[in-house]
Amino acid sequence: MSIIGAGNVGASTAQLVVQSGLADVVLFDIANGMPQGKALDLAEACPLWNSSASIRGSNSYTDTAGSDIIVITAGFPRKPGMSRDDLLHANADVIKSATAETSRVSPDAVIIVVTNPMDVMSQLAWRVSGFPHNRVIGMGGILDSARFRTFVAFELGVSPEDVEALVLGGHGDQMVPMPRFTTVKGIPITRLLTKEKIESLINRTRHGGAEIVSLLKTGSAYYAPAASTYLMIKAILLDEKRMLPCAAYLDGQYNVHGLYVGVPAVLGENGVERIIQLDLDEEEKKNFEHSVSAVRSLVAKLSI
Ligand code: APR
């Protein structure tokens, strides 16, 4: 597999993949020497991790040829005060070239898009690659759900492992955390927390990325984004059929036509193998539509 962009998210994802021995990795970046240096450092950690995985860094797309998975993290992260949408035009150019180059040399790959604004960048990668839509997927919902799980766990003083959560919609400020489908060992949080408390956790989840940007000051989150990306890679490479919220192409599901938006999907060797349809109540529907229209307006700005 290949990871395009050897920055914080790309290198952290590479670490998880090689440390677990899941796959061999080509780590690509335009910066000279940097992917080679990080790859060598990771390779030197493999004996300590008892991992047989191999990793090498490169500045040439030819080295990514024949990849089964391409993860795209290349681009610019947010600075304090920026929304994910502020990255639109700069990152669109990066995604266009990264997708064109990688899809040409790895025509059978599944592409996982991480670069923000992620839903729109997934749509762009799908268009540029010409791949069937099941083979282009965006990473966002797993991360947003993990943040919601964390905040619920903090609030209730329970292990985050025992909390399941679902977040739908675009990976932006209008994302839709779903309390009805968020449970602690099967108990919906609507039975464990007041409406006001749930609202404040939803609000913190919506702004979870910005909270980290404002603390870091020089970039955006990467440990949890990398862990989320790793789950997707593993589900696909091991054909696990895991049900994970991802940005997937909707072709009428949820009444959305021709757009990448976050929904629960079954991930296996073919990428998105199925989209799970939920019956949304009136308020959930309204919030979901609001989030979808935010994604649609960004897609329109890029004319894709
Ligand atoms: N081709 C390949 N790599 C590129 C290109 C390009 N055209 N342009 C930039 N890069 C590389 C940079 O050299 C850098 O190493 O992408 C890397 C991005 O790394 P970071 O700046 O550390 O950003 P990171 O925190 O990894 O975030 C990357 O993921 O979560 C999203 O919002 C985030 O869009 C951002 C992306």
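**Ring pairs and cavities in a predicted model**

A search of the whole structure turns up 7 aromatic pairs. Rings of Phe, Tyr and Trp (its six-membered ring) pair if their centres lie within 6.5 Å; planes under 30 degrees apart are stacked, over 60 edge-to-face, and the rest tilted.

Before the details, some ground rules. This is a predicted model, where local features need pLDDT of at least 70, side-chain atom pairs count only at pLDDT 80 or more, and totals for chains, interfaces and linings use all residues. Residues are numbered from 1 along each chain as its sequence is written, and side-chain values use heavy atoms, with hydrogens and water left out.

Back to the rings. W126 and Y249 have ring centres 4.5 Å apart and planes at 45°, so this pair is tilted. W126 sits in helix α4, Y249 in strand β12 (residues 242–251), and 123 residues separate them. Helices (H or I, at least four residues) and strands (E, at least two) are DSSP runs, numbered from the N terminus. W126 also pairs with Y260, again tilted: 6.3 Å between centres, 55° between planes. Y260 belongs to strand β13 (residues 257–268), 134 residues from W126. Ring pairs link W126, Y249 and Y260 into a cluster.

Are W126 and Y260 buried or exposed? Both are buried. Y249 is buried too. Buried means under 20% relative accessible area, exposed over 50%, and partly exposed in between (1.4 Å probe, protein chains only).

How many cavities of 30 Å³ or more does the structure hold? There are 2. A cavity is a set of points on a 1 Å grid, over the protein atoms alone, where a 1.4 Å probe fits but cannot get out; lining residues have an atom within 4 Å of a point. Grid points are joined across faces, edges and corners, and a volume is the space filled by probe spheres set on the points.

The largest cavity holds about 120 Å³. It has 15 lining residues, and D85, D119, H171, G172 and V295 are the closest to its centre. Helix α9 gives the most to this lining, with 4 residues. Where does the largest cavity lie? Domain 1 (2–138) and domain 2 (141–302) both give residues to its lining, so it lies between them. Those domain bounds come from an automatic or database domain assignment.

The second largest cavity has a volume of about 30 Å³. Its lining includes D119, G140, G141 and H171. Helices α4 and α5 (141–156) each give two or more residues to that lining.

Terms used. 1 Å grid on protein atoms, 1.4 Å probe; cavity = no way out; pocket = protein on both sides within 12 Å on 5 of 7 lines; lining within 4 Å.
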